[in-house]
Structure formats: structure tokens, C-alpha cells
Amino acid sequence: MRWAHAMVFAVDEINRDPFLLPGLRLGYRILDSCIMHPWCLRGALSLVAGRSPQCGPRDSASLVIGDASSTQSMILSSTLGPLSVPVISYQASCPCLSDRRRYPNFFRTIPSDVYQARTMARLAQRFSWSWVGAVAVDNDYGRLGIQVFQEEVRGTGVCLAFFETFTRATLARDMERAAGTIQASSARVILVFAWYTDARALLLELAKRNVTDRQFLASEAWSTSTELLQNPALFKVARGVLGVAIGSAPMPGFNAHLRGLHPSEHPEDWILRELWEMEFGCRPETGNTNSTSPPTAPLLPPCSGAETLWGVESSFTDTSQLRTSYSVYLAVYAAAHALHSLLSCPNRDTPSWGNNSTCSPPHNLSPAELLQHLKRVNFTSPLGDEFYFLGADIPAAYDLVNWWPTNKGSLKLATIGQVKGSDLRIDESAIQWITGSNEPPKSVCSESCPPGTRLANRKGQPVCCFDCIPCSDGEVSNHTGSFQCERCPEEFWSNSAQTACIPRQLEFLSFNETMGITLTTAALSGAAVTVGVFVVFLYHRHTPLVRANNSELSFLLLLSLKLCFLCSLVFIGQPSVWACGLQQAAFGISFVLCLSCLLVKTIVVLAAFRSSQPGAGALMRRFGPSQQRGSVCIVTCVQVVICAVWLFLSPPLPERDLGLQGSKVVLKCAAVGSVVGFSLVLGYIGLLASLCLLLAFLARKLPDNFNEAKLITFSMLIFCAVWVAFIPAYVSSPGKFTVAVEIFAILASSYGLLACIFAPKCYIILLRPERNTKKQMMAK
């Protein structure tokens, strides 16, 4: 009834406007389709034909405003399309009506459902609702609304947990099923595309089941329903509803128009008489005895005539939220401006005015011409709003509403935002949610994956349902909901939480760590013991035992062993250019010096033994001290030359090994490019050790008192065993352990030589001096 009077109010306002349609007065006829298709079609045909089912012949209508239903608007447009009669609906929102090929004569002053579905999709994304349930009426309004919503959220991580439909014929059964689905689902946000009577049935069923923790997204068809807001039974289940509503606007003078209505002034308005009977409990006297409208209630007493709506507060007189009424108001003004454009002709007063193709006389309007002018209508409403059509539609404009609880146990409507085109503005702090807090409820199938993990979709389930897989070592994800982990740059590694790339730790054998301290201690201890042995031999250098074992070579051997112990310290610490070059050279030269001394000692033993045989004395004379020193020098110089050439052509340099060490960068001396040099150094040492072992083995049965060959044999066996085991251990050890293996081999072989060759002699010198005599040395 209020929508109908919005039309009456707009027509009266236009008729009073001296600039819009000057000299003309608009008329109207209002018929009720009662939401029934046959009545809608019958009323439309009667309007166009100029005949009324009750009143006989009348002027035909050149334009129809209606219907509220999308389905009936389709019927109207399809029926009146061949006649080119424009149809302007104030509430039909089905997207299908935007098809200009099927409905070329259709217009509407309410946005298409496409825009409200897109707005709901944007709200779901804004509040991170990725798991949304949907309930919709089983017609174009519901199905197309949900379809557009799904298309809009595709690829954004928002999924439908379920989609329940219902029909009016089986409403009770369908609502029981839908309520059961909502109750069983983990979705906390429910999207409802329905008429307010259908939404009421669903909410009542949920209230009966005590399901009061679901956040509802309401379509415009029920988001502003006064009946639902004022229903106490829905207080707990419906508080916090967030909805899309047709834009509201104040209509100055409309409230006074409604409150000034009286049955005596509108004798044919039987709905107004029913309102009078409901509000005042009396039968109004209209003075119209020829009315064919339904009779009033005969049992009610007659009204006094002093009754007025000025003191009545009802949904009819409440003009605080004029939404559909304003759409009706705009529809009337759109028709008036199209008519004004059609009738505005520069040669209007000439005899040929009626023949002009762009305008028509007011007594013979052409619906086809009015349709063309309606397509181009563009005006500013009395409220200052710019109005024009985009095809059948108007630019999208909505209010975002929220249902606030009141102290009286009811709900009230609050506007918390607006949507204009693609611009969405919302005051989130003003929203009162179903949870009672200021934070929006969570509605997810799976919680968002935290930083340090990635999404892994569950097989056979929607994309919103997933597992969170931790990133692998060396990979990170630094924001919530990552679909994949990113590999860190080479010089970086992931932290323990896999959320950031941090510089890799430098790894090398340091003097400060346990292993470095242990090896350093072992090296210094070996060097100290060697110095101690050197002092003992030096102090007892005139004794038969020291003199008999070639004291000069013994001192040189002790010096080379000391260098072997000390050269291992060069391997400890951060590699540098000089350290990498010195490591292998010091190691190679020290051990060759040591082995050359042992080799010459072995040769001297063999020469001394053979000199005791007849005719062999010349051999000892040819291999005297000078020859011995020269042999040691020549053998050592070969290694010096190898190391010099190696360091000159392809020296080992420091490198950063990123390899498989994870969060560490191993600093080491590069072997690539110097493998040949390293092989020659080790090979030459191995050759000397093998030759020394062979000669010592041959001399092992010489007299014990003079013979060092047995001691040299044992020392060479230990030496070879250590370095044969060193090669596979060196190759297979990771990172700094490679260096530790080489140091261990150096120390082990040095200790072996020191112990096998000098320990027995020190035992005799220090503990058994009685055996350190010439007599004992000459005894067989």
C-alpha cells in the first residue's frame, strides 16, 4: 500500500512542478496482481487496451510501472514487447531481465541481482569467510544469485560448504532439511537468497533447534523486513544479520502525505479502509455507495470521522527507511522525463507538429516513441541524485545494513555502509556480529596456513579444505596462506620457523671448538714430546746408543717430526689464500723430509751390515755422512719442486661449499684444479714410504743391538696403514670433518713414527743406562 501511495505522491508532485510537463497532468491506474500470474497478465492487457475489468472503457496506458516480481515482470515484458509498451519495474531484480534481445522494452529502478551477489562475494572476501553455506529459493532469483556469487569468488579461496534450495509448495519440509544441513555444517556464515516469508520460515526452524551461532548474509528481499525485525522469536538467531539493501533516500513530504490520508477522500481505496479498521477498530464512512470494492466489516462500529494517522506508528507510516518506495518514486519520474522529452518539440505550435517523427501530441502518444526516449532519459531527481539507464539497469547502488539488538528484545535496522558501482564503503567498527564481539566470526573449512607452511589441497575436497605442510629446509613462506614455499638464495638458508631466509653460518675447523682444541692439543703435545726426545738425545749424544744410530740423521728426523706435528696447525682456522697454499706444501715437505731420513737410515743399516763382509768396506766409504746429507737433500728437493710447481700453476684457494650442508657454508681449500698436484704430493710420499718399508723389511734380521730396521719396519707399517685408511675417509667426510681427517692422519702417522723409532731408545737411555755401553752395543 505504501508503494502504491509512493506512486500517487510522485504523480502529484510532478503535476505541481511548473517545469516538468508544463500544462499537462499525469494520470494513473493502480491494479493489484496479488502475486498471481493470470491476474498480472489480465491487468496489463486491460491497462494497454484501455478497459478495466470493473469500470469499462478508459484511456489506454502508454507505460506500465511494475511488477514487483521478476517472473511477472518477464510476463509483462514478453506480452507488451510486441506493442513496444515500456515496462518499468521497481523491484524485479533477476539478471535475466537485462537481456535486451528478449526484453527490449524492460527497465527497472532497482539494481540487478548480479550486483548484490557480487557485493556479497566481496563481503565474504573482505572478512576472510572461505567456507560459506547457501540457501536459496528454487527459481531464477535464488539460483542465479548463488551462481553469480560462485563465479565472483572463483579463484579467491571462497567455497560453498553446501547449497540448499526450497520451493513454496514444500516449504516446511525443505526448511527442515536446510536447517538440519546448517546445524551439521562447519560453516558459520550462511548466505540466504529468499523472500522475507521464506527467510522467516528458515529462521524459525533454526530457533526451534537452538542454532544461534550462525552469521547470516541477507539478500535485499528480506534484509530490511520489518516483520522479521520485530519478531521476538527471531531475536537470538537473527541478531547481527548483515545484508544488502536497496538504497534508501528521504522523500520530503511523503510522511505528511501518508499521515494525511483519509477514507473519505479516497472512497475507492478499499485497502485504506482495511487499514482504518485495523488501526482504529471502526468502520469508516466513505459516502461512496457505488463502490465495487470489497465491503467493510459489518460488525465494527462506524468511525466518528475524527480518526487520523498522525498519531499512529506502524510499518505503513514509518518512512525512516524508504527503499522500494523510493524505487517507485524514481520509476514515475523516469516515465515523466521520458514523456517530457517526447513532448518537447521546437515547432510544437505549428500545424505540422503532430507529423514530427521525434515528438507526439499529448492526445495521441506513441508507446514506441516513448520507449526510445526512455532509453535516453537522464535527469537529476528532486533529491539531487543523477538518474539514467544502462540498458535495462541503473548503476548499482546499495546500502549495507546490520540488525542490531535493542534493550526491548527486538532488532533494529542500522546502515553501516554503501556500495556504489565497484566502490564498497563499510564501517566495520559499527557492525554488531552474531558472536556479540567486535571481531567478525570465522568461517573456514581449514585454518589459514601460518608462515613457514604451504597449502596442500585434500584430494576430492573443495579448494578451501586443505592441509598445511611445513616448508622444506632451505625454503620459506613469509605470509599466511602461501600456496608454495620459496627457495632461499644460495648464500642464505631458512630459519628454524621456515619464515625467513637468514645468512648461512660459516663452517670451518676453528681453534675455539672442541674438535679444534683437541687436535691443537694433540699437535702441540706431539711437538713438545719431540723436543723432549731431541733434548734427551742431545744430552746423551756421546753415548754409544745415540752414536751407533747415526745421531745426525736422528736429530734431523726429530726436527722433521716436529715440523710434521706443527704443520697440522696450519689446517685449523679460517681458510685464507696463504693458509691454503701453505697447508699441503708444509705437510708434503715435512713428511718427505721425515721419510728421506728414515730411508737414508735404512740404507746406512744395510751398508753397515754389508761392510762387515769381505770386500764390501768401500760401500760404507762411498756412502759417508756427506752422501747421506746429500741424499736427504735431493729426495726432499724433489717434493719441494713438486709443491712449487703446484702452487705456481694451480694453487688451492679458499672456496665456499654450499653443497648439502644445509644452513652452513663450508669454508675450505678448493681441490678442483689442484687434484693432480695433491695426487703427486701424496704419491711421492707413498713411494718413499713403500721403498723405506721394503728396505727396512730386508734389513729386519740384522743384529738387534745395532739394527734400527725392525723399528723402521713397524713405523712404516703404521704409517702406510694410516694413510691407506685416510684416502676413503677423506673422500667421504663432509665439511670441516674432511680437514679433521687429514689432521688426524698427520698426527697419527707422526706419533707412530715417534713412538716406534724413539721410544725404545729413550727407554734404554733413561731407564736402562747399563745397556747403553759399547760392550752391550758390540755384543751379538
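Lys 761 sits over the face of Phe 758, 5.6 Å from the ring centre; a charge counts as over a ring if NZ of Lys or CZ of Arg is within 6 Å of the ring centre and within 35 degrees of the ring normal. Arg 100 lies over the face of Phe 107, at 5.0 Å from the ring centre.

This is a predicted model: local features need pLDDT of at least 70, side-chain atom pairs count only at pLDDT 80 or more, and totals for chains, interfaces and linings use all residues. Residues are numbered from 1 along each chain as its sequence is written, and side-chain values use heavy atoms, with hydrogens and water left out.

Now the aromatic pairs. The structure holds 25 of these pairs; rings of Phe, Tyr and Trp (its six-membered ring) pair if their centres lie within 6.5 Å, with planes under 30 degrees apart called stacked, over 60 edge-to-face and the rest tilted. Trp 129 and Trp 433 are edge-to-face, at 5.7 Å centre to centre and 90° between the planes. Trp 129 lies in the loop between α4 and β6 and Trp 433 in the loop between β15 and β16, so the pair ties together parts 304 residues apart in sequence. Helices (H or I, at least four residues) and strands (E, at least two) are DSSP runs, numbered from the N terminus.

Trp 129 is buried at 0% relative accessibility, and Trp 433 at 3%; buried means under 20% relative accessible area, exposed over 50%, partly exposed in between (1.4 Å probe, protein chains only).

Ring pairs also link Phe 9, Phe 254, Tyr 326, Tyr 329 and Tyr 333 into a cluster.
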